[in-house]
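Me: I would like to go through this model label by label and ask what each word rests on. Please set the values against the definitions as you answer.

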Amino acid sequence: MLKRTLLSLLSLTALGLSGMAHAEWPDKPITWVVPFAAGGPMDIVSRPVAKKMSEILNTPIIVENRPGAGGAVGMDSVARSRPDGYTIGIGSVGTQTIVPNVSKSIKYDPIDSFSNIGLLGRYTNVLLVREKSPNKTVADIVAQSRQADANVTFGSAGNGSSNHLSGELLRALSNGKMTHVPYRGSAPALTDLLAGNTTFMFDTFNTTMTRIQGGSLRALAVTSPKRSPFLPNVPTMDEAGVSGYADAGGELWWGVVGPAKIPPATMDRLNSALREALDSREVQEQLKHQYVEIWSSTPQEFSKVVQTSFQKWKKLVQEAKIEAAD
């Protein structure tokens, strides 16, 4: 009788400890993967959100940069992680829907390899040249690219990144001769643009606005359907003469993802922490200063956005005959 009582107590204790361990998730640091180099748009956006989520979840969130292949290297590492919620990352319209449509070598499936934790925000790309560039308008770049001896180049954060596709779409819609130069992130691509080693580049406001305002970079057009409130005097690509461009450039987003099959309870904690972080005044102020429009969602809403974006970019990539060098 005593033996049975002790066994029952041990079983109940074990069950209680198991339930306590589950209830205490997270009980160790979380890794937040940024699939591009430090100092780039995704890195800058990630850090204040990760910091606030760390405070909410009461556990360290360590941001790790794993650049390469237009974000595919970092996203593949997230997809292959244990689905326990301790490895998450920031994905984008580029990594989740563009790269899979232009690259034949990626190892992850954009729909089935991830748990879509929640959207983070919208962004806009802007076409840039350096201050000393002879190109004053988009039409100047197009005219230059149509010359017999054209040597027009554009940099990007890597094959399949959204700023790569922004350039490829300009090339396809203008029928010009333009050569893509991929880098391991936006920061080194901008460095070469400023040095005059490339002709132009598309990039986000949060990495370029200071240079635009300071005069070292000249903004020629934005990719959004309407003019940006941050650069109201800069035309859209359509206004600049590239008809139909907004169909490709109007929906650019970032979101937080993890490997597929994260347990529902953990997903709920992560989504709740993300939404609370995005609702906080400090994060809203920081993202506003980075020219990012906050876009919060449930995992289900985020999954629908991924599926819709994937089909949209698939159609655009096929029509424009865009391919990335693997």
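Me: Which residues in α10 meet residues in α11?

Reply: This is a predicted model, in which local features need pLDDT of at least 70 and side-chain atom pairs count only at pLDDT 80 or more, while totals for chains, interfaces and linings use all residues. Residues are numbered from 1 along each chain as its sequence is written, and side-chain values use heavy atoms, with hydrogens and water left out. Ala-277, Leu-278 and Asp-279 in α10 meet Arg-281, Val-283, Gln-284 and Leu-287 in α11, where contact means heavy atoms within 4.5 Å. The residues of this contact divide into 4 nonpolar, 1 polar and 2 charged; Ala, Val, Leu, Ile, Met, Phe, Trp, Tyr, Cys and Pro count as nonpolar, Asp, Glu, Lys and Arg as charged, and the others, Gly among them, as polar.

Me: Why are α10 and α11 called roughly perpendicular?

Reply: Helix α10 (residues 264-279) and helix α11 (residues 281-289) pack at an angle of about 70 degrees, with their axes 5 Å apart. Helices (H or I, at least four residues) and strands (E, at least two) are DSSP runs, numbered from the N terminus, and their axes are lines fitted to C-alpha atoms, for helices over the stretch in contact, with angles running from 0 to 180 degrees between N-to-C directions. Angles under 35 degrees count as roughly parallel, over 145 as roughly antiparallel, 65 to 115 as roughly perpendicular and the rest as oblique. The two helices are therefore roughly perpendicular to each other.

Me: What makes β2 and β11 edge strands?

Reply: The open sheet of 6 strands has the order β2-β1-β3-β10-β4-β11, with mixed pairing, and two strands pair if DSSP finds at least two bridges between them. Because β2 (61-65) and β11 (293-294) each have a single partner strand, one side of each is left without a neighbour in the sheet. The pairing of strand β1 (residues 30-34) with β2 is parallel and runs over 5 bridges, with Thr-31 standing opposite Ile-62 in β2. Helix α4 (residues 93-102) packs on this sheet, touching β3 (87-92), β4 (114-123) and β10 (252-259), and its direction makes about 65 degrees with that of β3.

Me: How do you know that α3 is largely enclosed?

Reply: Buried means under 20% relative accessible area, exposed over 50%, and partly exposed in between (1.4 Å probe, protein chains only). In helix α3 (residues 72-79), 6 of the 8 residues are buried, so the helix is largely enclosed by the rest of the structure. The buried residues are Ala-72, Gly-74, Met-75, Asp-76, Ser-77 and Val-78, and what covers them includes β1, β3, α4, β4 and β10.

Me: Why is the pair of Phe-154 and Phe-200 called stacked?

Reply: Rings of Phe, Tyr and Trp (its six-membered ring) pair if their centres lie within 6.5 Å, and planes under 30 degrees apart count as stacked, over 60 as edge-to-face and the rest as tilted. By this rule the count comes to 10 aromatic pairs. Phe-154 and Phe-200 lie 5.3 Å apart centre to centre, with 20 degrees between the planes, and form a stacked pair. Phe-154 is in strand β6 (residues 152-156) and Phe-200 in strand β8 (residues 200-204), so the pair ties together parts that are 46 residues apart in sequence. Phe-154 and Phe-200 are both buried.

Me: What makes Phe-230 and Tyr-291 an edge-to-face pair?

Reply: Their rings are 4.9 Å apart centre to centre with 80 degrees between the planes, which gives the edge-to-face label. Phe-230 is in the loop between β9 (217-222) and α9 (246-249) and Tyr-291 in the loop between α11 and β11, 61 residues apart. Phe-230 is partly exposed, at a relative accessible area of 34%, and Tyr-291, at 21%, also counts as partly exposed.

Me: How do you know that β8 is mostly covered?

Reply: In β8, 5 of its 5 residues are buried. Phe-200, Phe-202 and Thr-204 are buried on one side, and Met-201 and Asp-203 on the other. In a regular strand the side chains alternate between the two faces of the sheet. The sheet of β8 is open and has 5 strands in the order β7-β6-β8-β5-β9. β8 pairs with β5 in the antiparallel sense over 4 bridges and with β6 in the parallel sense over 2 bridges, while helix α7 (residues 186-194) lies across β5, β6, β8 and β9.
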